Structure formats: C-alpha cells, structure tokens
Amino acid sequence: MNIAVIGTGYVGLVAGACLAETGNQVVCADIDAGKIARLNGGEIPIYEPGLEPLVERNLAEGRLAFTTDVAGAVSAAEVIFIAVGTPPGEDGSADLQHVLAVAETIGRNMPATGPEKIVITKSTVPVGTAGKVRQAIARHTDRPFHVCSNPEFLKEGAAVQDFMKPDRVVVGVESEFARHRLGELYAPFVRTGKPVLFMDIASAEITKYAANAMLATRISFMNTIAGLCEAVGADVDKVRMGIGSDERIGPGFLFAGIGYGGSCFPKDVKALVHTLREAGVDPAILDGVEKVNADQKALLLRQVVDTFGEDLSGRTFAVWGLSFKPETDDMREAPSLTLVRGLCQRGARVRAHDPEAHHEAGRYFADLLGMGVLSLCERNYDCVEGADALLLLTEWSPYRNPDFDRIRAGLREPLVFDGRNLWDPERMAEMGFTYRSVGRRSRPAAAPQPALAG
Ligand code: NAD
C-alpha cells in the first residue's frame with residue numbers, strides 16, 4: 001500500500017519504518033525541517049532499540065522516504081496516518097491543533113480522481129476527534145474518504161518490538177472498505193494470532209486513554225501501598241508478589257517507585273480527567289492517581305531533606321538515571337526533573353549520569369549546567385567520587401549490579417537512596433550502606449556510621 005505517515009516523532013517514525021518493513025511504500029512527513037534533514041542524512045533523532053537498522057534498511061531499499069512536503073505526501077497516499085503530537089492544553093485537555101492542521105492539509109490536497117483515501121488518527125486523541133477530523137477534511141473537498149481511529153500502544157524503549165508484535169491492534173472504523181484495508185495492512189503483524197479488534201470509532205478512541213489511565217492507576221495504587229508499608233515496617237515488594245500472583249490482578253505494572261513520567265501517562269491522564277468532566281462523569285479516581293504521582297516524584301527529595309535538612313549547600317549528590325524510564329533518552333515529565341531541580345534549589349550540587357539522556361538533559365537543565373551546579377559525568381562511577389549520597393532514579397541495566405565496593409569507596413558516607421527498589425536492602429546493609437528505598441523498611445548499615453545530619 002501507498003502510505004503517508006504525518007508526524008515523524010516516536011510514533012510516526014516507528015510506525016513508518018515498521019510499515020515499510022512489511023513491504024509497504026511509506027513516506028514519513030514532518031514540518032520539522034531539521035529532523036527530516038537528519039533522517040535523510042541517516043541520523044536517527046531518538047534512541048530506540050532496533051530502530052536504526054530498520055530505518056537504514058528500508059531507506060536503502062527504497063520503501064521508506066522522509067519529506068517536509070506534507071501536502072505532496074498526503075496527496076499521493078492511499079492510507080494516511082496522523083501521528084503528530086497532542087500535548088496538553090492549559091486546561092489539561094488534549095490540544096488538537098496539530099491533528100486538525102494535518103486534516104485541513106489532507107482536505108486541501110485531495111486529488112480529483114484516484115482511490116478513496118483512508119485517514120487514520122494514530123495520535124492519542126479524545127473521543128469525538130475523528131468527527132472533527134472528518135469535518136476539517138470535508139470543508140475542502142467533495143470527494144469521499146474514510147476516517148478511522150487506530151490508537152498506538154507502543155512503549156518507548158521497546159517501540160519496534162511492540163509495533164512488530166503487538167498484544168492487539170485496536171481499529172475504530174465506520175466502513176467495510178476501511179475495515180478490509182486495515183485488516184490487510186495489519187495482517188503481517190498478527191500472524192501469531194494476536195487480535196485485530198475492530199470496533200466503533202468512539203470506543204477505539206476511549207480504549208487508548210482507558211489503557212494508559214489503568215496503568216497509571218496501578219502505579220499510583222502501589223505507591224500508596226508503599227507509603228503504608230513504609231509507615232508500618234512492611235515490604236511493598238512482598239505485597240507486590242502476594243497480589244501479582246493472583247490471576248485476576250497479574251504481575252505487570254505493580255512496582256513501587258518514584259512515580260510515572262514520560263510523554264504519555266501524565267498528559268493522557270490529564271486529558272481523560274478533562275473529558276470525564278466534560279461528559280459529566282466524576283473523575284475522582286484519576287484526580288487521586290495524579291495527586292499520588294505528583295507527591296511520589298518528590299519522595300527522594302523528602303528523604304534527602306529528612307537526612308540532611310532543608311539547607312543542602314555544600315552538599316554534592318550523585319544521580320544515576322535521568323530518563324523517565326530505561327532504554328529511552330526521553331525526559332518528558334521524568335522524576336529527575338523534580339529531583340535535580342529540588343536539590344539545586346536547596347543549594348546542593350548534582351553530578352548525574354544517564355546512559356542515553358545527556359543530550360536531552362542539556363536541553364532540560366541548560367540553566368543548571370550553565371551555573372555549574374549540575375554536571376553530567378561520562379561514567380556512572382565518576383558521579384559518586386566525593387558525593388554525600390547516591391540517588392538512583394532510573395533502573396537502567398548497567399545500574400542493576402554495580403561495583404558496590406567502588407561506590408562505597410567513592411562516597412563521603414555510604415548512603416544510598418534507591419527510587420526504583422533496584423537493590424536488596426539486606427545486602428546493602430551487609431555491605432555497610434545506609435539504604436533507603438520505596439516502601440521497604442530502611443535498614444541501618446551493618447557497620448556503625450558517623451552522624452549524617454549537619
Ligand atoms: P513527538 O512529539 O515525538 O512527534 C510529533 C511530531 O509531529 C513532531 O516531529 C512534530 O514536528 C510533528 N508535527 C507537528 N505538527 C505537524 C504537522 N502539522 N505536520 C507534520 N508534522 C507535524 O510525538 P510522539 O511521541 O510521536 O507522539 C505522537 C502521538 O502519539 C501523540 O498523540 C502521543 O500521545 C501518541 N503516542 C505516543 C507514544 C509514545 O510512546 N511516544 C505512544 C503511543 C501514542
């Protein structure tokens with residue numbers, strides 16, 4: 001099929017490359033000329049495992065192309081995916097200006113002849129958006145076309161894998177023609193029998209928000225239970241295993257930590273709250289999810305202040321992990337934003353390391369880097385040298401089993417705050433660390449420690 005993917009961000013680039021990989025002719029278009037120039041020069045603007053070889057191969061074999069000519073791309077394609085951003089507006093609702101701008105472009109560039117086009121919203125959009133897309137296109141053309149909703153469920157860090165082997169594909173359709181063509185398009189991705197779930201458009205639009213809100217709810221729920229565990233001296237990891245083995249609950253998304261971030265959960269929960277209010281449905285449960293998450297992002301900061309007091313001047317902290325989760329360089333809404341700023345505002349210096357996010361950190365923390373209160377270290381152990389404590393924010397693989405002797409030797413005091421429950425409290429105590437994590441009893445170091453407060 002001839003496909004145009006409009007918006008070449010995480011979703012558009014991955015979708016475009018994967019659709020080309022299954023033999024389609026794909027043009028990815030974006031208004032960001034810099035991004036398109038980099039892609040045409042063979043440079044992948046994001047870190048995503050497996051994406052680079054996929055893009056290289058399909059570019060070289062002529063199935064994938066990048067352009068800034070959005071009008072040309074939509075005019076030539078039979079199937080058009082809209083994969084532009086839907087950031088939160090001031091009131092929390094999804095800002096549809098980019099989606100509707102693309103719809104207008106499609107309408108204006110509808111050829112007078114040729115096959116009926118299928119226009120698919122892949123961006124995460126509130127219920128009712130397909131209707132707005134239809135109106136925006138129809139303002140400029142009398143030609144018939146089909147509108148579908150095909151929300152994307154890929155996870156950053158495993159995006160290629162998720163797109164190539166999805167748990168399910170959700171497609172909201174209104175016509176048999178669109179249903180048939182999308183069935184053909186997705187058949188190569190569901191050969192193992194995973195379902196393509198066809199449904200009405202409104203249900204497809206709601207499914208995406210319901211999925212993200214459910215996952216965010218599980219995280220905030222477990223973080224609430226972690227607070228209880230901490231208060232009474234229980235262990236949230238034991239509770240996690242106790243409930244996760246119940247088939248009705250399942251083990252996924254039950255890890256306590258310093259909260260969810262990224263480009264999707266925070267904005268999608270906000271947008272769903274807005275949609276619920278508009279529809280007259282009480283969003284109380286999601287108000288709670290957001291409140292717990294905002295609190296949780298500041299948990300390590302509270303633990304540091306508990307230990308050292310409000311004034312952190314003269315202190316230096318080593319931070320491991322800046323991206324909102326492992327295997328991505330994405331720092332949107334990452335807990336590190338709250339934490340690093342909070343430490344620096346209290347007078348501390350921060351030395352941070354992340355395997356992939358230093359470039360992004362340069363954008364988010366330009367001011368702190370410029371003032372010299374934050375520095376980024378090439379190697380994770382460099383941060384630790386002479387620091388007052390180590391703070392673990394992202395559970396990257398290289399941090400899972402580090403050289404603890406080296407950490408202890410580098411730190412001024414053997415003090416570790418673990419925001420992802422990555423390490424074993426008993427082992428940490430045995431190795432002489434004072435160790436705090438999330439919802440697990442903090443154990444004193446086995447060896448006597450000098451007083452830390454001061
Ligand atoms: P992104 O910000 O990485 O990319 C969006 C791209 O759209 C940018 O490159 C931007 O330049 C381009 N764009 C904006 N307006 C345009 C226009 N008028 N014409 C052409 N290009 C335009 O965003 P993303 O993370 O890829 O997300 C896109 C959508 O997919 C969002 O609705 C998001 O909620 C949803 N989504 C994202 C993920 C994820 O993990 N990132 C997962 C599932 C769904």
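Student: Which side chain has an N or O atom 3.4 Å from a nitrogen atom of the ligand?

Tutor: That atom sits in the side chain of Ser263, 3.4 Å from a ligand nitrogen, and the pair falls under polar contacts (N or O atoms within 3.5 Å; within protein, one must be able to donate a hydrogen and the other to accept it, and residues adjacent in sequence count only if both atoms are side-chain atoms).

Student: How much of the ligand does the protein cover?

Tutor: Of the 830 Å² of accessible area that the ligand has on its own, the protein covers 88% (Shrake-Rupley method, 1.4 Å probe). Helix H1 (10–21) and helix H5 (97–108) are the elements that give two or more residues to the shell (helices are DSSP runs of H or I, at least four residues; strands are runs of E, at least two). This is a predicted model, in which local features need pLDDT of at least 70 and side-chain atom pairs count only at pLDDT 80 or more, while totals for chains, interfaces and linings use all residues. Residues are numbered from 1 along each chain as its sequence is written, and side-chain values use heavy atoms, with hydrogens and water left out.

Student: Which residues make up the shell, and where does the ligand lie relative to the domains?

Tutor: The ligand is surrounded by 27 residues, the closest being Asp30, Lys35, Thr86, Glu156 and Lys267 (a heavy atom within 4 Å). The shell divides into 10 nonpolar, nine polar and eight charged residues. Because domain 1 (2–198) and domain 2 (208–295) both give residues to this shell, the ligand lies between them.

Student: Is Thr328 buried or exposed?

Tutor: Thr328 counts as buried, at 0% relative accessibility (under 20% relative accessible area, with a 1.4 Å probe and protein chains only). Thr328 is placed in the loop between strand S9 (316–320) and helix H14 (335–345), and its side chain is joined to that of Glu156 by a polar contact of 3.4 Å.

Student: How many disulfides does a search of the whole structure find?

Tutor: A disulfide is a covalent bond between the sulfur atoms of two cysteines. With a cut-off of 2.5 Å between the sulfur atoms, the search finds zero.

How values were computed: Ala, Val, Leu, Ile, Met, Phe, Trp, Tyr, Cys and Pro count as nonpolar, Asp, Glu, Lys and Arg as charged, and the others, Gly among them, as polar. Domain bounds come from an automatic or database domain assignment. Buried means under 20% relative accessible area, exposed over 50%, partly exposed in between (1.4 Å probe, protein chains only).
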